[in-house]
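User: I have a structure here and would like to go through it with you. Can we take it piece by piece?

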Amino acid sequence: MSEPVLELSGISKRFGAVQALSDVSLRVHPGEVVALLGDNGAGKSTLVKVIAGVNPADTGTLLWEGRPVTVARPADAQQLGIATIYQDLALCDNLDIVANLFLGGERSTAGVLDEVGMERRARELLDSLSVSIPSLRVPVASLSGGQRQIIAIARSLLGEPKVVMLDEPTAALGVAQTAQVLDLIERLRDQGLGVILISHNMADVRAVADRAMVLRLGRNAGDFRVEDTSYEEIVAAITGAADNPVARRAGRVAVPGSEEA
Amino acid sequence: MAQQTPVAGEAAPAPDPRLIVTGSSPRGLVAAALRRLRGGELGALPVIVGLIVICAVFQSLNSNFLSPQNLSNLTLQVVSTGLMSCGVIMVLLLGEIDLSVGSVSGVSGAVLAVLAVNHGIPEVAAIALAVLTGTLIGVVHGTVFAKVGVPAFVVTLAGLIGWQGAQLYLLGSDGTINVPYDGAIAYLTQTYFVPAVGWGIAVAAVGLYAGLTLLGERRRTAAGLPAKSAAEVIARTVLLAVPVFGGVAVLNLWNGVPLAFLIFLGFVVVFDLVLRKTRYGRMVFAVGGSAEAARRAGINVDLIRISVFALASTLAAVGGVLAVSRGFAVSQSSGSGDVLMLAIAAAVIGGTSLFGGRGSAYSALLGGLVLGAITSGLYLLQMDSSVRYMITAAVLLIAVILDAVSRRSRRAHARG
């Protein structure tokens, strides 16, 4: 496979007496969907915040396209090309789709908004994602949950990122809407973006992820190729069910070396 | 990157089948308007209907109500509170409230009179300093609110009391300072334009509107975006032209178009354009819609908040200057009493939501005219201010109820 676009190694982060992350590594290749899995409190969100520059790591290195970089602020991450879509979508309900897509990055000449240019670019972007929304001039409040999620993802793409991090993108969505979002994630991968998908939903992970990276109690607890790995193995890594003498012995006897960490 | 795939070269994509297309026929335009109304997007309709009803009622009770002289007086009478409303609208769009506009207008008037009359500073300079006083006060309010995190309600409530105290202090034991009848201050509300100027302004305004709208729609068509039809642009232009030319005609029957009213209209138009067409306006709406979303999008929320409070107090100060001009004096009661409530009520009656993120600068004009018409009509009928207060309160309550109901209706029709 090609060189990873983003590679983290030895990442540690401590909050007071809590060692939230210790010696965590993660890599994402272009055109790859990596699912970041773990139980509540496993350190997923902390790792996302480290990558997004919200809470920089205490120690560890971050390689961007092979060269070491420091991400101390959210602006650093955005500049590199890391887009983060948080669980609460951070859309302004009273503004229309175009205004939301360009929020904070409006195109303007001498302070006057270039509405025509923005609407055209928005239409192009949504068409390229095969997203069909009747009118771009309706308030975002009138959209369904799935459409809102898609708008939030599309907004992050305007910055032309290389890595997109999605925090629980399907958490509150219905069946059809989840499928829409998963389609979109696949399209991002096909466009050559690296995608980090944080999810609790194993069905989603199995549907779109290429690799599953499991965190447990702030440490790497496994890195699986999704198509070669059973559901049970991943769940065992998440819950730590494999982490006892009996299971370890069973593992040694049955399928040796199926688990790292 | 791949998502940059040029689509522009292709033919314009077919409109989405789910989008209800309205024809450009008059019937299509009416149907579209009705659909928006049912969806709770009342726009300026309730207030315009209300204004017509109020005018009809007062005209039937006293035939002087719609006389050119009374209407001319009405335009001057709404200017001061109307300007304050303009600032209040900005604050309401943020989802906050400014209770200090009345006191700020009073203290600015006091600064103006003290500087111009007691210290003999040229009147134009005194006006500028009075307005600047308002700006500084607004920056203080905004900073305490945005940076320290004190609720705007409390900050401006303190302002309401504190600046009134400052006003009383400045005016000293006299309590009233008269300004000369022939200076720049008095000139602001004593100037009327000859009829030709009034007509010229009306033609220019309507012509500019029609020209710029057509140009904008043509650019949208050229870019392959849905655009308003020529019929709709003409309909909108006519809807604008009727009140503009009618108003100029009526005002020309008396003294002509008053300068003060033009100042007010100018502020309203400029604020409307700033809110709808500029990045700054978009940021104000964004902060009013969701401050957290705005912050995440990289908008400097604190700066927007401080600037909006500064603008609100600046406009309050301008309103205070015009109040001094109209009354030839500033007194201890300037800017107190019902001034604050009228300024906020005008904004809400005009259709700006108290819940933030929704409204327009034209609310100040329409709401101001409604309240001005009620006041003027009740004076003509020689009613007591007790009756005026009660009727104003009822109108305000109706406006807020409309706001709340239409908000619920928008929710039901999924329009925020």
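User: How many residues of chain B are in contact with chain A, and how many of chain A?
Analyst: 35 residues of chain B are in contact with 31 residues of chain A. Two residues are in contact if their C-beta atoms, placed from the backbone, lie within 7 Å. This is a predicted model, in which local features need pLDDT of at least 70 and side-chain atom pairs count only at pLDDT 80 or more, while totals for chains, interfaces and linings use all residues. Residues are numbered from 1 along each chain as its sequence is written, and chains are lettered from A and ligands numbered from 1 in the order in which they are written.

User: Switching to chain A. How many helices and strands are there?
Analyst: Chain A has nine helices and twelve strands. Its radius of gyration is 19 Å, close to the 18 Å that the globule rule gives for 261 residues, so chain A is as compact as a globular protein of that length. That radius is taken over C-alpha atoms, and the rule is 2.2 Å times the number of residues to the power 0.38.

User: And the sheet, in what order do the strands come?
Analyst: Six strands of chain A form an open sheet in the order β6-β9-β10-β3-β11-β12, with mixed pairing. Two strands pair if DSSP finds at least two bridges between them.

User: Which strands stand at the edges?
Analyst: β6 (82–85) and β12 (219–225) of chain A do, each with a single partner strand, so one side of each is left without a neighbour in the sheet. From one strand to the next, the twist averages 20°.

User: How many bridges join β11 to β12 in chain A?
Analyst: Five, and the two strands run antiparallel. Within that pair, Leu215(A) stands opposite Asn220(A) in β12(A).

User: What does helix α8 of chain A lie across?
Analyst: Helix α8 (residues 231–239) of chain A lies across β3 (33–38), β11 and β12 of chain A, at about 25° to β11(A). Axes are lines fitted to C-alpha atoms, for helices over the stretch in contact, and angles run from 0 to 180 degrees between N-to-C directions.

User: Back to chain B. What are its domains?
Analyst: The assignment gives domain 1 (45–194 + 256–412) and domain 2 (195–255). Such bounds come from an automatic or database domain assignment. Ten residues of domain 1 of chain B are in contact with twelve residues of domain 2 of chain B. α3(B) gives the most to the domain 1 side, with five residues.

User: Last one: where is Asn255(B) found?
Analyst: Asn255(B) is in the loop between α9 (230–253) and β3 (257–258) of chain B. Not counting residues up to four places away in sequence, Asn255(B) touches Ser72(B) and Tyr192(B).

Notes
Helix = DSSP H or I, 4+ residues; strand = E, 2+ residues; numbered from the N terminus.
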